[in-house]
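Student: Hi! Could we go through this one together?
Tutor: Happy to. Have a look, then ask away.

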Amino acid sequence: MSISEEQRIYLRGKLLQERERYRSRIEYLREESFGQDRTATIQELADYDNHPADQGSETYERESDLGLLLEARDHLKSLEEALVRMQDGQYGHCSGCGRDIPFERLSSRPETDVCVECASQD
Ligand SMILES: [Zn+2]
């Protein structure tokens with residue numbers, strides 16, 4: 001583990017803060033796109049996942065909101081996964097090569113689970 005206990009606590013704080021921010025963002029985007037109709041939200045999301053490249057002109061506005069929503073949802077997921085890794089003691093280790101991820105990188109992207117070298121190989 002290359003990061004100290006203080007650094008870990010600092011990064012955990014960042015992750016929790018970011019998670020709250022994204023939860024409200026997702027809530028906002030949902031209201032914005034679908035109002036109170038949660039059933040439609042789930043169905044639309046499922047449809048969107050199946051046809052990510054299909055952007056019909058009249059539904060474009062809505063799909064671009066959906067794009068933002070899905071992006072935010074993915075980001076929230078990686079934040080939550082990072083918090084789980086932190087609990088498991090896996091946090092800060094690259095899932096690609098197993099080496100320690102430098103604190104500087106974790107500080108700017110606390111949700112990351114790969115080092116710069118492995119990220120650039122994707
Ligand atoms: Zn790596």
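Student: What share of the contacts between residues at least 6 apart in sequence join residues at least 24 apart?
Tutor: That share is 62% in the chain, where contact means that two C-beta atoms, placed from the backbone, lie within 7 Å. One caution: this is a predicted model, where local features need pLDDT of at least 70, side-chain atom pairs count only at pLDDT 80 or more, and totals for chains, interfaces and linings use all residues. Residues are numbered from 1 along each chain as its sequence is written.

Student: Okay, and what does pLDDT average over the chain?
Tutor: The average is 85, and 77% of the residues score at least 70. pLDDT is the predictor's confidence in each residue, from 0 to 100.

Student: Where is confidence lowest?
Tutor: In helix α2, residues 38-50, with a mean of 60. Helix α4, residues 103-108, has the highest, at 96. Where pLDDT is low, the predicted coordinates should not be read in detail.

Student: How many helices and strands are there?
Tutor: Five helices and zero strands, giving α-α-α-α-α along the sequence. These are DSSP runs numbered from the N terminus, with H or I over at least four residues for helices and E over at least two for strands.

Student: How does the span of α1 compare with what its residues should give?
Tutor: It agrees: at 1.5 Å a residue, the 30 residues of α1 should span 44 Å, and the end C-alpha atoms are 43 Å apart. The expected span is 1.5 Å times one less than the number of residues. Just after α1, G35 takes a positive phi of about 60°.

Student: Switching topic: which residues make up the largest nonpolar core?
Tutor: There are twelve, among them L11, L15, Y22, L66, L69 and C115. Such a core is a set of buried Ala, Val, Leu, Ile, Met, Phe, Trp, Tyr and Cys residues joined through C-beta atoms within 7 Å. Buried means 20 or more other C-beta atoms within 10 Å of a residue's own, exposed means 12 or fewer, and partly exposed is in between.

Student: Which elements give two or more residues to this core?
Tutor: α1 (5-34) and α3 (60-88). The largest share, five residues, comes from α3. In α1, L11, L15 and Y22 are buried.

Student: And why is R19 partly exposed?
Tutor: Because R19, in helix α1, has 16 other C-beta atoms within 10 Å. Beyond four places in sequence, R19 touches L76, L79 and E80. R19 and L76 are 57 residues apart in sequence, with their C-alpha atoms 6.1 Å apart.

Student: Last one: where is R99?
Tutor: R99 is in the loop between α3 and α4. Leaving aside neighbours within four places in sequence, R99 contacts C94 and C115.
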